[in-house]
Amino acid sequence: MNLQRFTQTIDGPLGLSRYARYWLAGPLTLLVSILMMATSSLWLPRGEAGVDNLVYAMVLFPVIWAVIFMYVVLESDLKRATGVLFGLFFANALVVGLSISGAFS
Amino acid sequence: MIKLSRERTLRVLDVHGWSGVLLGLALYVVVFTGAIAVFADELGLWSVSGRDVQSPLTQSIDRHVRPLSGQVDERYLEDVNLFNNPAGELVVFFHTHETTPNGQIEDIGVRYRLDAKTGEVLARDEGYGKDLPDDPASALERFLVDLHVNLHAPDPWGLYLTGILGLVLLVSAISGIILHRHLIKDMFLSPRQSSRALKARDQHNLAATWSVPFSIILALTGAFFSFAISLGLPVIAMTAFGGDQEKMIETLIGVPEPGDETPHQLANLDTILAKSKSMTGTDPVFLSVIHWGRADAKALTFHWPHGGDINATQHQFDAASGEYLGSKPRIGTQPSTGNTLFNLISALHFGNFAGWFSKLIWLVLGLALCYVTLSGLQLWVIRREAEQQWQWMAKALSTVGYGLPFSLVTASIAFLFAQGLGWSSAWPAWGFLLGSAACVLVARRTSDLTSLNATFRQWLGWSLLSLPVLRTLSSGELWVFLLQAGNVWVILLDLTWIFLGLYYLRKEPRSVPSLTEAPAC
């Protein structure tokens, strides 16, 4: 890949490597998408049969991934992209953690 | 038309190009095998030269199956599946569900293979479902489908891989839409002849523009099927079911709550299947009996889409009395939007909603997508014609482009040999590997791409022509016998191989001035 276009450094306290966009668009996007799939099954409508939320969550997974991936590719401000992704990561990880601990049951 | 800054456009172009370069050939393998697998049932039928019994589940099977229930461990009566293999033999799997030491829920039980007419037991295997030996009659069909579904990689890694390829296809389609500045205009583009690069780009754009809707459909539905099983279910089980995967699967499948466990004679299976056929007007292709021999036993029949409906249907019966209980959604126990969505995804991915007609359209669209993938890679190579380090890719394009169909043909040849000699069902895989190895070897030894492509075309042509001959020799089934038995699909596929074989032998390969000709898909 054209390294110059994808390897912008994020300055400041984050101190991320020059491959920041790779990390954001690759592993972090995938991780955030998986977490969002997990949490969306909690808030999506269950329907009368109680299965709609499960199907919707799995159907939405590739859509969520594609939206986040394209956002990271198109976003010029890498600090903002980093903030958005880590925000989504922590918010969804918190919900997953709470649901596993039985807080919603 | 989507306007982006130059910097963003270049980033999207990088994503579009590099996703293709890194995973395009693997994507081609999955899409090509998927396009062929649309006709997997018909190919399975062809591989065994048709069958005597066209619809085994509508035969008188109760008298064959009922005695077997007394020969298995009682716990395997919890769930019994009945279906037929390509040879028209009846497969009966008495099983229950157990959690394996590694935490996975697996089917475990006894599987019988019977002659559907006489009830003679042809094979009996016991163990975990995934460990049971492959059905020899299904070996070629299974090989093709597994290559498409998981590239023959172990679970769940194969599913992860094909799921990622689905995401790559999705992002290629989206980035392609962003990059095509004149999406509507490109639908009626006449490829420019002024230079090879322009011509290649126009051809790629033209095919890609028409393929975009199908690409997105295939990418979304394919990624769904790959990730739903391997990733979605375990992840959602953690949040929505407190980690209880069994409970989640029961919710999704819609397993009825345990009721009256009193022993009870099972209703006649032939009557249930006949009722199901009379209600739908089509033959059932699958029967499942839950709680066999109990008062709360239920039977479920499965029918492919019919009568203009794009959905496959399931019908539930009280298996103790034989009473019809109504249609049963594939997801959950009552109609839901989730079930409708699942049916829609299935219909769009498998393309079987209008019989052979929709399957044919899906095959053509799948092959068109192969062309888009290969022409995109060809474009990449043409643009780097002066860079020696990229010339290996032109050869790789030819080798994989022609090598995949050729290796599938050698897998079929190996299957026909193995079938004739009574060998193991692993032979399609060996045939595929031998075909692939031969392609790689000849590619390594040939420096001129024109002669390499000519060689591949000759191989493909002759191997395709050999298929009807080998099939006839291995089975002794001439066309006249096949016609009498109603096995028209076998004849149609024989004719297809002959037509394609002659096409590849007769068509003169284009002269290639440099190492940049891509194969036709």
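Select B:E7 first: at 39% relative accessibility, this residue is partly exposed (buried means under 20% relative accessible area, exposed over 50%, partly exposed in between, with a 1.4 Å probe and protein chains only). This is a predicted model, where local features need pLDDT of at least 70, side-chain atom pairs count only at pLDDT 80 or more, and totals for chains, interfaces and linings use all residues. Residues are numbered from 1 along each chain as its sequence is written, chains are lettered from A and ligands numbered from 1 in the order in which they are written, and side-chain values use heavy atoms, with hydrogens and water left out.

B:R11 is buried, at 0% relative accessible area. Both residues sit in helix α1 (residues 6-37) of chain B, 4 residues apart, about one turn of the helix. Helices here are DSSP runs (H or I, at least four residues), numbered from the N terminus; strands are E runs of at least two.

Next, select B:E42 and B:K359. Their side chains form a salt bridge of 2.9 Å, N to O. This pair links distant parts of the chain: B:E42 is in helix α2 (residues 40-47) of chain B, and B:K359 is in helix α11 (residues 355-383) of chain B, 317 residues apart. B:E42 is buried at 11%, and B:K359 is buried at 10%.

Stay in chain B. Select B:D73, B:R75 and B:E98 to see a network of salt bridges.

Move to chain A and pick A:E75 with A:R80. Their closest N and O atoms are 3.1 Å apart, in a salt bridge. A:E75 is buried at 7%, whereas A:R80 is partly exposed at 48%. Over all chains, the whole structure has 16 salt bridges.

Last stop: the interface. Show the 36 residues of chain A and 40 residues of chain B in contact (heavy atoms within 4.5 Å). How many salt bridges cross between chain A and chain B? The rule finds 0. On the chain A side, α1 (3-6), α2 (20-43), α3 (52-74) and α4 (78-100) each supply at least two residues that touch chain B. Color α3(A): this helix gives the most, with 16 residues. The side of chain A that touches chain B divides into 25 nonpolar, 6 polar and 5 charged residues (Ala, Val, Leu, Ile, Met, Phe, Trp, Tyr, Cys and Pro count as nonpolar, Asp, Glu, Lys and Arg as charged, and the others, Gly among them, as polar).

Notes. Salt bridge = Lys/Arg side-chain N within 4 Å of Asp/Glu carboxyl O.
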